[in-house]
Amino acid sequence: MGEKFQETLFKISEKFEETNAFIAIRQGLIMMIPLIVLGSFSLTVKSLPIPAYQQVLPEIFGGKLVEFLDFIYAGTFEIFSVALAITTSVCYAMVKNTKVHSERAVVNDCFILAILTLISLMGYMGIQNADFTKVSLGTTNTFMSLLVALGSGWFYFEVKEWKIFSFLKRSETEVDGMYYIAVHSIIPATVVVSIFAIGNQVFTHIFHVDNIQQGLVYLMENVLSLFKGGFSAGLAILISIHVMWFFGLHGSNVLDGLIKKNYTMIDSIEIYNKTFQDVFVIMGGCGAVLGLLIAILLFSRKKIMKNVAKLALPGVLFNISEVIIFGLPIIFNPVFFFPFLMVPVVNYLISYGAIYLGLVPRVISQVEWTAPVLLSGYQATGSLAGSALQLFCLALDVVMYVPFIRLFEIQRDNAMRKKVNMLVEFLQHEEERSQITSLTGRDDVLGNIARMIANDLKEAVRKKELYIMYQPQVDTEEHCIGAEALLRWKHPIVGFVYPPLIIRLAKELDILKEMEQYIFDTAASALASIEKETDQPFKISVNITNESLMWDGFEKMVDDCVKKHHIFRERLWMEITEQDALATSMDITDKINNLKAKGHKFLIDDFGMGHTSLLYLQTNNFEVVKIDGTITRELMENERYRDILKSIIYLGNLLHFMTIAEFVETK
């Protein structure tokens with residue numbers, strides 16, 4: 001695949017990824033997956049194309065099984081548009097607000113916006129009209145549900161910022177917090193609902209239709225009516241369905257009336273009809289996604305993609321494609337636009353040509369759209385040639401989807417690296433301000449990527465994929481007198497992970513103990529090996545945290561490592577950052593003194609960054625200080641840093657502690 005084409009797709013994808021509306025739709029569709037799986041399950045069980053099964057189905061448990069399946073279907077697909085509008089509006093509020101508001105404010109906006117969206121959507125669907133039916137709530141109105149959800153969200157947040165309502169922005173302490181929020185939302189709610197109500201009246205008056213989606217349907221029907229049946233009509237319908245599907249409309253349902261009215265009956269003259277399309281073109285559902293699913297299971301390197309494919313497999317076998325379309329997702333995904341449109345078109349051309357040339361018999365009987373591939377080909381044509389045609393097209397579908405799966409994986413990897421870099425920048429910003437917040441507890445993009453990396457870290461610890469590198473420590477005579485043990489993790493996608501991020505996530509996952517046991521055991525083993533090779537005293541220092549010293553079994557773990565590898569305690573040192581040292585309690589101080597009494601030495605890492613560095617020079621807790629690299633790096637250019645360094649070294653000589661300078665990389 002050409003680099004220019006790939007680069008263009010990635011740029012378009014980036015634009016999509018940065019748009020609040022796109023993110024809200026994507027996340028809203030993901031939230032719909034449980035509903036889709038349940039609905040697909042009920043539809044699959046109820047529609048199994050086995051005559052004997054269909055005969056006994058109404059009698060199973062006295063008809064209670066059918067009632068059970070109808071209950072699930074009615075609660076899922078028959079309210080699909082309503083549920084999609086709510087999930088999309090909630091996600092829009094979360095995406096719009098998380099960066100700048102408190103968690104409480106986000107939750108409040110989610111509730112209010114969901115209610116406003118529901119009010120506006122019901123009005124647009126015509127619940128106030130006498131001819132309103134529940135069909136409007138189902139999958140036919142997905143376009144309207146997305147339009148109303150995004151429109152409500154945009155108007156709501158715009159109105160909230162209008163300065164003319166600043167008189168409402170009073171302190172929440174004056175009244176009950178929830179009451180304040182409700183009152184503050186009255187005007188934005190009124191404006192949003194009014195805009196949609198007036199807009200709907202204007203639109204229906206001008207175009208003489210009930211709503212925007214109905215207007216779209218009429219437009220599509222008028223355009224498609226220009227094709228007088230045959231090959232061109234079938235191709236136009238196919239392309240229209242898939243373009244609509246890609247932009248969130250249930251294309252098959254939008255044009256369902258047109259197709260049933262003109263292309264349901266089997267015609268001995270015309271090749272194209274609904275059964276032809278269901279059997280030979282849309283295998284597995286829109287986009288011929290059975291080919292995509294097989295391609296993922298056979299060729300994808302991503303576990304998460306294979307999991308989505310496995311979840312979607314039962315439905316796709318019966319041509320129910322929503323799980324894979326929403327879960328991967330394909331909707332609003334530029335990378336899959338071309339194959340999603342191209343694969344069905346190729347199937348159409350091949351199948352139409354095969355039947356036109358007489359290689360495969362024409363469709364002679366209608367087949368239920370849920371009939372699985374191969375069986376449906378035989379039922380439709382009364383010949384195994386129909387099944388063979390399906391098998392040929394399916395193999396071709398797999399081949400066509402494979403390069404786009406590769407492209408999607410590359411695009412996902414690039415996006416993941418970008419998000420990890422954002423997470424690292426955020427963590428570094430927190431470090432500069434000495435702030436600590438939960439990364440995995442966030443409800444935004446950073447929280448999502450933190451949880452993803454955290455899960456991978458947990459797996460990496462279990463598989464022992466982390467390792468230790470040793471940074472040499474050299475004295476003024478250029479003798480290597482020791483080393484610092486540094487934990488490293490090379491993630492299979494993002495590469496080397498910022499070490500402080502590893503530690504932060506390990507703390508949040510509560511797996512820091514396992515990691516530190518591994519670090520101390522590895523460092524002690526290395527120290528034992530070095531001691532056999534040299535008569536000179538050589539030490540290795542290991543980084544620890546306050547959480548390490550708070551662990552009751554920490555001292556025993558260190559003792560076990562010393563005994564296991566037969567090393568001198570005086571050569572196994574421990575480093576704690578100045579930030580952690582600031583929070584040292586009496587219990588931790590006691591543990592430091594216990595370990596010191598056994599022979600271990602303690603270092604203060606990043607010395608010079610805190611506001612109370614000098615406090616530690618008057619205690620006996622630490623024998624060594626490591627001067628922070630920000631001071632050392634500017635040593636040759638900044639006279640003040642040279643003076644600071646001289647002062648620290650002078651105090652070290654006076655108070656009998658050692659000094660180590662970080663980032664000394666040149667003579």
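**Entry 1: second largest cavity**

I started with the second largest cavity, which holds about 40 Å³ of space. This is a predicted model, so I keep that in mind for everything below. I listed the lining next: Ser13, Phe16, Glu17, Phe22, Arg26, Phe332, Asn333, Pro334, Gln411 and Arg412. H1 gives the largest share, with 3 residues. Sorted by class, I get 4 nonpolar, 3 polar and 3 charged residues.

**Entry 2: the cavity search and the largest cavity**

How many cavities of 30 Å³ or more does the whole structure have? My search came back with 3. The largest cavity has about 60 Å³ of space. Around the largest cavity I found Asp278, Val279, Met283, Asn319, Val367, Glu368, Trp369, Ala371, Val373, Ser376 and Gln390. That lining splits into 6 nonpolar, 3 polar and 2 charged residues.

**Entry 3: His600**

I moved on to His600, which sits in the loop between helix H28 (586–598) and strand S7 (602–607). Is His600 buried or exposed? Its relative accessible area is 1%, so I put His600 down as buried, the cut-off being under 20%. Leaving out residues up to four places away in sequence, I see His600 touching Val558, Val562, Arg569, Leu572, Met574, Leu595 and Glu623. For Arg569 I also noted a polar contact of 3.2 Å between its side chain and that of His600.

Key
Residues are numbered from 1 along each chain as its sequence is written. This is a predicted model: local features need pLDDT of at least 70, side-chain atom pairs count only at pLDDT 80 or more; totals for chains, interfaces and linings use all residues. Side-chain values use heavy atoms; hydrogens and water are left out. Helices (H or I, at least four residues) and strands (E, at least two) are DSSP runs, numbered from the N terminus. Buried means under 20% relative accessible area, exposed over 50%, partly exposed in between (1.4 Å probe, protein chains only). A polar contact is a pair of N or O atoms within 3.5 Å; within protein, one must be able to donate a hydrogen and the other to accept it, and residues adjacent in sequence count only if both atoms are side-chain atoms. Contact means heavy atoms within 4.5 Å. On a 1 Å grid over the protein atoms alone, a cavity is a set of points where a 1.4 Å probe fits but cannot get out, and a pocket is an open set with protein on both sides within 12 Å along at least five of seven lines; lining residues have an atom within 4 Å of a point. Grid points are joined across faces, edges and corners, and a volume is the space filled by probe spheres set on the points. Ala, Val, Leu, Ile, Met, Phe, Trp, Tyr, Cys and Pro count as nonpolar, Asp, Glu, Lys and Arg as charged, and the others, Gly among them, as polar.
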